[in-house]
Amino acid sequence: MLRAEKAEKAEKAGNAAEAAPEGGGGLSRRRLLGTAGAAGAAGLLVGGTAGAFGAEAVRKEPAPLAGVGSAAVPFHGEHQAGIVQPAQAHGHLAAFDLAPGADRRAAAALLRRWSATAAELMEGAAPRDDTSGVALDAGPCSLTVTFGFGRTFFDRTGLADRRPAALEPLPAFTADALDPRRSDGDLWVQIGADDALVAFHALRLLQKQAGDTARLRWQMNGFNRTPGAAAQPRTGRNLMGQIDGTNNPKPSDPDFAERIFVAGSGNDWMAGGSYAVVRRIRMLLDSWDHLSLERQERVIGRRKADGAPLSGGTETTPVDLNKVGPDGSLAIPGDAHVRVAAPASNRGAKMLRRAFSYHDGYREDGAPDAGLLFVAWQSDPMQGFVPVQRKLDRGDGLSRFLSHEASGLYAVPGGCAPGEYVGQRLLEG
Ligand SMILES: C=CC1=C(C)c2cc3[nH]c(cc4nc(cc5[nH]c(cc1n2)c(C)c5CCC(=O)O)C(CCC(=O)O)=C4C)c(C)c3C=C
Ligand SMILES: [Fe+2]
């Protein structure tokens, strides 16, 4: 049942727990949600919460769900959602550990529950057992929920012989300052949505459903620019102010599928899947902010304002690593991030970067605890993240302004068909 229909039904039945709180000014939930059922209530409120603005801020008539609210990503398919779709405005990354005694059967039951819930939430429906009301009047808001398995999952479930070779631990890098409590984990969940309540609600339901089977190990919350916030939709910016994501592989590239998704037959449980490398990378923003604009641009190799490479052109102009300036020096410096990270400098290594920014307040030294929840997708981490990070570790001008604080590598199985669940081919194969 769609969330708005459920709210209306709850109100008819006089179920105060199921109906969301009053929108202010004595307007009923029926009024807020209208009688259009699935039409929902996005666009009813003009900025902020209804409680804060009162009845004046609430339109008299219900409006159909506007763009942001109505966008839905299918849960079922060849690949899991949350890989090729643009990163949403709000993200939660979380890892769970199986509880002592939770075996393969318990893990399978959990993945079945999680998959069913994710499928319902992603189409904007309210799961039957959800009485929270948190996302009752919202549309799907481009929600995606993605599940992965960490290396330790296979030992805990007696499946060590089916653990893929690509799940070997990542090598240590000199720039690592990793916190093991915020790294790794048996199960990994990535949630993204263009509405904060929808994203929270999905995480909360999954965490409740984990019950006695799995316990939250760590959680990180991130964000990106809200759709529609900028007049010109373009590649997003990170907290250093750079346009970030320009030279990502594109689905139209001839080698995209091969570089990002695992090939294989239907029996292979990782067929259609991908490997996610997750790094919590704190930005040393106080030091960064002291650099002049020109030096900041030379550290990256691109212009801040429009993302154009220092070799010339616009954001989408291919980077020319051989271009020299009038004084004979390289237009893109030898230690510029885009030079060191480029496939041309790494025997063709490629990954799809799909990151969220994070800000967890300020540290005791006054510096922002902020940076990038870096998520890189590839069909093989040894042909993607690992060689590139090795190179960056040695010669990247940006690394002086970064601290890698947490890390994880997860096998993300392919998508599933209706009636199936993610990971079924592994857990029942
Ligand atoms: C190991 C892989 C990478 C890490 C870790 C990484 C961290 C990181 N990057 C930025 C900012 C930018 N990165 C950009 C490009 C870029 N970065 C990587 C890889 C890693 N980055 C690659 C493969 C590329 C593309 C290189 C190319 O082919 O041109 C850019 C430029 C714009 C773009 O193409 O996306 C920026 C800006 C930060 C801030 C960061 C850690 C916090
Ligand atoms: Fe980068």
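What percentage of the contacts in the chain between residues at least 6 apart in sequence join residues at least 24 apart? The figure is 75%, where two residues are in contact if their C-beta atoms, placed from the backbone, lie within 7 Å.

Before the views, two notes on reading them. This is a predicted model, in which local features need pLDDT of at least 70 and side-chain atom pairs count only at pLDDT 80 or more, while totals for chains, interfaces and linings use all residues. Residues are numbered from 1 along each chain as its sequence is written, and chains are lettered from A and ligands numbered from 1 in the order in which they are written.

**View 1. The whole chain and its confidence.** The chain has 13 helices and 9 strands; these are DSSP runs numbered from the N terminus, with helices (H or I) of at least four residues and strands (E) of at least two. The mean pLDDT, the predictor's confidence in each residue from 0 to 100, is 88 for the chain, and 85% of the residues reach 70 or more. Where pLDDT is low, the predicted coordinates should not be read in detail. For the complex, the predictor gives an ipTM of 0.99 and a pTM of 0.88.

**View 2. The surroundings of ligand 1.** Look for the 26 residues that surround ligand 1, each with its C-beta atom, placed from the backbone, within 6 Å of the ligand. The closest are Gln-242, Thr-246, Asn-247, Ala-341 and Leu-372. Two or more residues of this shell come from each of strand S5 (274–283), helix H11 (337–341), strand S8 (368–378) and helix H12 (385–395). H12 gives the most, with 4 residues. By type, the shell divides into 15 nonpolar, 8 polar and 3 charged residues; here Ala, Val, Leu, Ile, Met, Phe, Trp, Tyr, Cys and Pro count as nonpolar, Asp, Glu, Lys and Arg as charged, and the others, Gly among them, as polar.

**View 3. The buried side of helix H12.** Phe-385, Val-386, Val-388, Gln-389 and Leu-392 are buried in H12. They sit on the same side of the helix because they cover an arc of only 165° around the axis, taken from the directions from the helix axis to the C-beta atoms. S5, H11 and S8 are among what covers these buried residues.

**View 4. Two loop residues with positive phi.** Most residues other than glycine have a negative phi. Ser-142, however, has a positive phi near 60° and is found in the loop between helix H5 (104–122) and strand S2 (144–150). Ser-142 counts as buried because it has 26 C-beta neighbours inside 10 Å. Asp-184 also has a positive phi, of about 60°, and its loop runs between helix H6 (151–156) and S3. With 23 C-beta neighbours inside 10 Å, Asp-184 counts as buried.

**View 5. Val-84 in its loop.** Val-84 lies between helix H4 (67–70) and strand S1 (90–98). It counts as partly exposed because it has 18 C-beta neighbours inside 10 Å.

Conventions:
Buried ≥ 20, exposed ≤ 12 C-beta atoms within 10 Å, placed from the backbone.
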